[in-house]
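Me: Hi! I am new to reading protein structures and would like to go through one with you, question by question. Could you show it to me?

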Amino acid sequence: MMLAIVGIHTRADSCTGISLTSKDGSNIVARTVEWSSGESPSDYLIIPEGFEKQSMLPDGTRTGMKYTAFYGYVGLASEDYVIEGLNEAGLSAGLFYFPKYGSYPKYNIKEKDQTISDTEFVAWILGNFETVDDVIGALSDINVVATDARAENLHWRVADKYGRQIVIEYVDGIPMVYENRLGVLTNSPGFPWHITNLNDYINLQPGTIGTREFGNISLSSIGNGSGLLGLPGDFTPPSRFVRAAFFQTSAPILDTAEQTVAQAFTILESMTIPIGVQFNDKTKIPNIPTATQWTSVTDMTNNKLYYTTMYNPIIRKFDLNNIDFSSVEYQKHPLDTIKVRPMTDASID
């Protein structure tokens, strides 16, 4: 299989990913996960070292590539498929929906021992590698195929604790690897298109535009933040990419990893999709709080994975430093055990 490396600065319909670095050098990635058609099972998995699995194939049998987790990891999953996760070596990986663009290699039954489902690609990465370079070096040894028609095509973000981040997209059956120096990712079109599209917004800037003379009159901003007039506000992948890029790059660099984790959650709150805006027929709107099912923030430097959900905005944390992956057993638990938004009375003296 050819490998092209290009240097460039229910389904998960609308995912948005960002990246931040704190002054203490901590490297952090964050993302949202959305299913507009309704609620999807959302769980977290604890995968121990030595955990064995065999991939599903397009024919519906689990007779594909066998893979064993050399590294233990924590994964946020749907229907046992890891969507986002962090391993004990500090490697982060996540899948993003990529409809109508790209294509995987044609399935060849003679190569089934090297063939893995696209929905199991994240689990394979987390279980086997420490760095982005390690992942790139192994791509030519496998074939990725689709086994779930609901997912259409996927693309992936991989980031390590050393600050390197890539996007993997299959185009005409070839894995294209893009250096993601910006650290933003959404969905279709392809990653290079999104980077090029940012050039159309070169006029945007943080802050407020000062008073300007316009013919014989003076014009001034009606309110603060006029430097971002023209920033797209819809929820299409191109607009979310532009919005995420400007919110991320204009954010102050904070002192610590924990401060930056909280900052990442705040930035992604602006990407939260309210239920209803994606439906023409109001009678078919699902009865869930929001299309954004959950949001995660990953601190690769300090080996911590955080998440919030549409049912609970409280930030919950996995500290992988406190998990002995050599002895822990496989675990699967729901992200929420109570699916009602918590409310409490305010304190009054």
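Reply: Happy to! Rings of Phe, Tyr and Trp count as a pair if their centres lie within 6.5 Å. Keep in mind that this is a predicted model. With that rule, ring pairs link Tyr104, Phe121, Trp124, Phe129, Trp156 and Tyr170 into a cluster.

Me: How many aromatic pairs does the rule give?
Reply: A pair of aromatic rings is described by the distance of the centres and the angle of the planes. Applying the rule for centres within 6.5 Å, the count of aromatic pairs comes to 13.

Me: Are the rings of Phe98 and Tyr101 stacked, edge-to-face or tilted?
Reply: Their centres are 6.3 Å apart and their planes meet at 35°. Planes under 30 degrees apart would count as stacked and over 60 as edge-to-face.

Me: Which residues have the most contacts inside the largest nonpolar core?
Reply: This core has 53 residues. Its largest share, six residues, comes from helix H1, residues 121–128. Apart from this core lies another of 32 residues, among them Cys15, Leu20, Phe96 and Val297. In the largest core, the residues with the most contacts are Phe121, Trp124, Ile125, Trp156, Val158 and Ile168.

Me: Which residues does Ile168 touch, leaving out those up to four places away in sequence?
Reply: Ile168 is one of the residues with the most contacts inside the largest core. Leaving out residues up to four places away in sequence, Ile168 touches Phe121, Val135, Leu139, His155, Trp156, Val158 and Met176.

Me: Is H1 mostly covered or mostly open, and which of its residues are buried?
Reply: H1 is mostly covered, as seven of its eight residues are buried. The buried ones are Phe121, Val122, Ala123, Trp124, Ile125, Leu126 and Gly127.

Me: Where is there a nonpolar patch on the surface, and what is its accessible area?
Reply: One of its members, Leu219, is found in strand S16, residues 217–219. At 40% relative accessibility, Leu219 counts as partly exposed. The patch is formed by Phe214, Ile217 and Leu219, and together their accessible area is about 310 Å².

Me: Which residues join with Glu84 into one salt-bridge network?
Reply: By the salt-bridge rule, the count comes to nine. Some of these bridges share partners. The residues that join with Glu84 in this way are Arg31 and Arg157.

Me: What is the distance between the closest N and O atoms of Asp336 and Arg316?
Reply: Asp336 is in the segment after strand S20 (331–334), and Arg316 is in strand S19 (residues 316–319). Asp336 counts as buried at 10% relative accessibility, whereas Arg316 is partly exposed at 21%. The two form a salt bridge, with the closest N and O atoms at a distance of 3.1 Å.

Me: Last one, on the backbone: which residue does a cis peptide bond join to Ser188?
Reply: Most residues other than glycine have a negative phi, and most peptide bonds are trans. Here omega is about 0° and the bond is cis.

Technical notes:
Residues are numbered from 1 along each chain as its sequence is written. This is a predicted model: local features need pLDDT of at least 70, side-chain atom pairs count only at pLDDT 80 or more; totals for chains, interfaces and linings use all residues. Side-chain values use heavy atoms; hydrogens and water are left out. A nonpolar core is a set of buried Ala, Val, Leu, Ile, Met, Phe, Trp, Tyr and Cys residues joined through side-chain atoms within 4.5 Å. Buried means under 20% relative accessible area, exposed over 50%, partly exposed in between (1.4 Å probe, protein chains only). Helices (H or I, at least four residues) and strands (E, at least two) are DSSP runs, numbered from the N terminus. Contact means heavy atoms within 4.5 Å. Patches are made of residues with over 30% relative accessible area and no salt bridge: like charges are joined within 9 Å, nonpolar side chains (Val, Leu, Ile, Met, Phe, Trp, Tyr) within 5 Å. Accessible areas come from the Shrake-Rupley method with a 1.4 Å probe; for residues, only the protein chains shown count as cover. A salt bridge is a side-chain nitrogen of Lys or Arg within 4 Å of a carboxyl oxygen of Asp or Glu. Rings of Phe, Tyr and Trp (its six-membered ring) pair if their centres lie within 6.5 Å; planes under 30 degrees apart count as stacked, over 60 as edge-to-face and the rest as tilted.
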